[in-house]
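Subject: Handover of a structure and notes on its contents

Dear colleague,

Please find the structure below, followed by an account of what was found in it. I would be grateful if you would read the notes with the structure open beside them.

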Amino acid sequence: MAYPAVSTAVDLVNAPLLYKGKVRELYDLGEEMLVVVTDRISAFDYVLDPAVPEKGNVLNRLSAFWFGLTKELMENHVVHIDVDQLGEIVKDREALKNRVMVVRKAERIDIECVVRGCITGGGWRQYQETGKVNGIELPLGLRKNAVLAQPIFTPAAKNDVGHDEDIPFENMQELIGAELALELKEKSLKLFAFAREYCEERGIILADCKFEFGLLDGKVILIDEIFTPDASRFWAKHNYALDIEIDSMDKEPVRTYLSASSWDKNSTPDPLPIEVVEETTRRYLDIYHRLTGKSL
């Protein structure tokens, strides 16, 4: 039987809480930091109830998997993911065994590095209005979900309150410097190309994804999470079509349910039905298995 969902680790960790995000909690270990990935789930900028069992395990294990695969391409912040090395810092090892990551502390670069291989989502909405995405002019006549001839880099300025702001690359250069901006762009496109090919071989289309980078001793490293369902848009190849809303391999059951409900998106929503929670767990376990060939 699966372990109960973990909504927070505050009572399970003997270390100061540095930051509590929608899903992740960061705890201070001195020179290092403990990241605990909870089972909380968010949609439309609200954290929802109840938490989704196994979601945090999938996100953490999948990030660790991808950090391992890409470490030759890009140095990252991971130290280890072994709960047993944490000793008395963790009060309940069984509850947290698959959802912890000890990382090096880096200075976060306040840019979300987004790469789009297909024209969909927010990129599609921009294109419909302007023929451009983040100031990049695209060919006329593209259809929704079309695969772009070349992936495009479409950064966003980080905003811890509210939505991140899509910006042209030139604005990113002004914010962080031309040389650093170019390095992040090149690294992002290289990582995307690697993962897209990997996914392609497993019957999955990587439509778009986002990265976060940090500075450690003056060097750029990869931080946060990579190529998880919360940071990427995965489509099963057999579901791919133009001009439709493709069912993503992530928390799509939650979004679909909320969109079809009477919720006004301006107040705390009612708890999710159990069948929606169970289907969402199934989705996360399925993408983990497809990408890694393993089960949790």
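For the packing of helices, axes are lines fitted to C-alpha atoms, over the stretch in contact, and angles run from 0 to 180 degrees between N-to-C directions. Helices (H or I, at least four residues) and strands (E, at least two) are DSSP runs, numbered from the N terminus. This is a predicted model, in which local features need pLDDT of at least 70 and side-chain atom pairs count only at pLDDT 80 or more, while totals for chains, interfaces and linings use all residues. Residues are numbered from 1 along each chain as its sequence is written, and side-chain values use heavy atoms, with hydrogens and water left out.

**Two helices**

Helix α6 (residues 252–260) packs against helix α7 (residues 274–292) at an angle of about 150°, and their axes lie 8 Å apart. The two are therefore roughly antiparallel to each other, a term used for angles over 145 degrees. In the contact (heavy atoms within 4.5 Å), α6 contributes E252, P253, V254 and Y257, and α7 contributes V276, E279, T280 and R283.

**Strand β9**

Eight of the eight residues of strand β9 (residues 111–118) are buried, so this strand is largely enclosed by the rest of the structure. Buried means under 20% relative accessible area, exposed over 50%, and partly exposed in between (1.4 Å probe, protein chains only). Strands count as paired if DSSP finds at least two bridges between them. β9 pairs antiparallel with strand β15 (residues 204–216) over four bridges, where V114 has K210 as its partner. With strand β12 (residues 147–153), β9 forms three antiparallel bridges, and R116 is partnered by I152. Two bridges join β9 to strand β13 (residues 156–157), again antiparallel, with E112 opposite A156.

**Salt bridges**

A salt bridge is a side-chain nitrogen of Lys or Arg within 4 Å of a carboxyl oxygen of Asp or Glu. The count comes to 26 salt bridges. One of them joins K158 and E212 (2.9 Å, N to O). K158 lies in the loop between β13 and β14 (165–166) and E212 in strand β15, so the pair ties together parts that are 54 residues apart in sequence. E212 counts as buried, at 10% relative accessibility. A network of salt bridges links E112, K158, D164, K210 and E212.

Another salt bridge joins K237 and E200, whose closest N and O atoms are 2.7 Å apart. K237 is partly exposed at 35% relative accessible area, and E200 is partly exposed at 41%.

Yours sincerely

Note on methods: Parallel < 35°, antiparallel > 145°, perpendicular 65-115°, else oblique.
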